[in-house]
Amino acid sequence: MSTVTTRPSAASSGPVPQIPQRISPLLTVQNGLQLTWRSVLKIKANPEEVFGLMLQPVMFVTLFVFVFGQAMMGDWQTYRDFLMPGIIAQSVIFATMGTGFSLSQDVEKGIFDRFRSLPIARSAPLIGAILGDLVRYAITVVMVLVVGLAIGFRPEGGVVGVLVAAALILLFAFALCWMSAFVGMLARTPMAVQSFAMILLFPLTFGSSAFVSPDDMPGWLAPIAANNPVTHVVDAMRALMLGGDVAGPVIWTLVWSVIITAVFSPLAVWAYRRRT
Amino acid sequence: MTDAIRAEGLVKEFKGERALDGVDLTARTGAVLGVLGPNGSGKTTTVRILSTLLRPDGGHATVGGFDVVRQPHEVRRQIGLTGQYAAVDAELTGTQNLVLIARLLGFDRAQARARATELLERFELSDAGGRPAKTYSGGMRRRLDLAASLVGRPALLYLDEPTTGLDPHSRNGMWAVVRDLVSDGVTVLLTTQYLEEADQLADDIMVLDHGRVISQGTPEELKNQAGDQVLELRTVDSGQLPLATKIIEAVTSAPVHSDGLVANVPVNDVAVLPEVVRRLDEQGVAVGELSLRKPSLDEVFLALTGHSAEAPDTDDAPEGARP
């Protein structure tokens, strides 16, 4: 057998860092954060996309509050307060499909091949994509809140209640991201990811307490909606923002976030390693 | 001196189809190995296995002495990969693309910046460094992609069809870059569909067809099999072509192929050209077009395998197709 050949070469001399012999957990975190930086740069480079992130919540809040408000609860102001936590959750949950979409794009464009041919932690691109997307979701939360405040939403829970509610939905989104990443790695094209995610996310968000209380749903649907994880998230956010029983739904949200992450993060990593 | 790459009996199947069917390969350290073959011959699959992106179904390979399956991390420490499609982040600027790779490879901020600047300069992208890569031309993107694969100063570089789809000017630029790298001591594995490219750059050439190595040797040896150049002739009156064919045959003493409109023949000595012209003139043949060109991949394949590169499945009439 031949011996080790680690000659530095390729163009002029200069510092070449010693690439570690093994990948430590610390290096995995470092690589993950470096690739998070990449995701954030991509958000900054695409102001149109941020604009899209802004526009959809504006449209949804306005349409739901003013079109359905009165029919739902007698006056639009009451429905606005009921709706705001729900629509924040819905906007963020829908945004999670972006994770699978952009991962699938990276695979298609061969960018992941570059990462995979580098001596870096294998899960780093996945971690970078998901952490970067959390930044995106935080932007979404702020946007919806701004629209809500503009039309008179004044949460009783105050700043602390709103911040904790935002933290909860971001945690839940982090869990859903792994599911989205898993779908993104299984699907052949970014477009397929999108259509599959829609089929999954529509019933999940609309069949919850986000827009209508499960008590007002037909007998077969009510129990399903009441036990939908999204209902727990929305109920927790609603309690934090508007007052009510906080402990129950918050615990359920934490439990669901852990379960979804525990199931889908290994699956996503597995699908990512298996892909090509 | 050790070999940079050694592969034996590589096999890879995709859904029952054999993409690689027992490929043996050796790349000498500091040399350029050209892997020549048409689409679907297994070039990219070979590169992907040797760069740890794919696991072979059979056989084994070492890169810099490390096994590609059992020691992938060690292999990745030695290699740079420039794939068939420029794998750069379109939204990121040229500088950001390079800094990202440098940071991933452990450069600190200042070092990463310096390395990015150095590479942009080297690949004539300094002016474009601050622009998103999506605004680059095809040639610029390839150069940025190549720069990205060189950030860590790899000892071994894979170039998978680096010039496919590039205009001649960009292609020449790419060739110059490859020559530069080789003079720096980098070992290069280059895949290409173009005989001319392999001839220009490679020290050794391996011809792949249907996942098998069908020929191996220096560019000279390969060209001796296929002819150094091809002489091509068209007469003004196609009725004179058979006469012209006879004349060329007499001068070159090689079998001339004619399809009724164009006659062509492999030649190894360009000195035959004036002789051919003189004799055609003597016999009163009105020449419409006469040219010398490099043999195409198709003609090399024909010489090596007896079938054309485009329609490899039909082995029915190699004799009749071209004598």
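Predicted model: local features only at pLDDT ≥ 70, side-chain atom pairs only at ≥ 80, totals over all residues.

Reader: Which residues in α1(B) are buried?

Author: Helix α1 of chain B spans residues 43-50 and is mostly covered, with 8 of its 8 residues buried. By name, the buried ones in α1(B) are B:Lys43, B:Thr44, B:Thr45, B:Thr46, B:Val47, B:Arg48, B:Ile49 and B:Leu50.

Reader: How are α7(A) and α10(A) oriented to each other, roughly parallel or roughly antiparallel?

Author: The axes of α7 (residues 158-186) and α10 (residues 229-242) of chain A come within 8 Å and cross at roughly 165°. Angles over 145 degrees count as roughly antiparallel. α7(A) passes α10(A) in a left-handed crossing, and the two helices are therefore roughly antiparallel.

Reader: How many charged residues are in the contact of α7(A) with α10(A)?

Author: From α7(A), residues including A:Leu168, A:Ile169 and A:Phe172 meet α10(A) residues, among them A:Met237 and A:Leu240. The contact divides into 11 nonpolar and 1 polar, and the number of charged residues is none.

Reader: And between the chains, how many charged residues are on the side of chain B that touches chain A?

Author: The contact takes 35 residues from chain A and 43 from chain B. Elements of chain B that each supply at least two residues include β1, α3 and α5. By class, that side of chain B has 18 nonpolar and 14 polar residues, and the charged ones number 11.

Technical notes
Residues numbered from 1 in each chain as written. Chains lettered and ligands numbered in written order. Contact = placed C-beta atoms within 7 Å. Helix = DSSP H or I, 4+ residues; strand = E, 2+ residues; numbered from the N terminus. Nonpolar A, V, L, I, M, F, W, Y, C, P; charged D, E, K, R; others polar. Buried ≥ 20, exposed ≤ 12 C-beta atoms within 10 Å, placed from the backbone. Axes fitted to C-alpha atoms, helices over the stretch in contact; angles between N-to-C directions. Parallel < 35°, antiparallel > 145°, perpendicular 65-115°, else oblique. Left-handed = near helix turned anticlockwise from the far one by under 90°.
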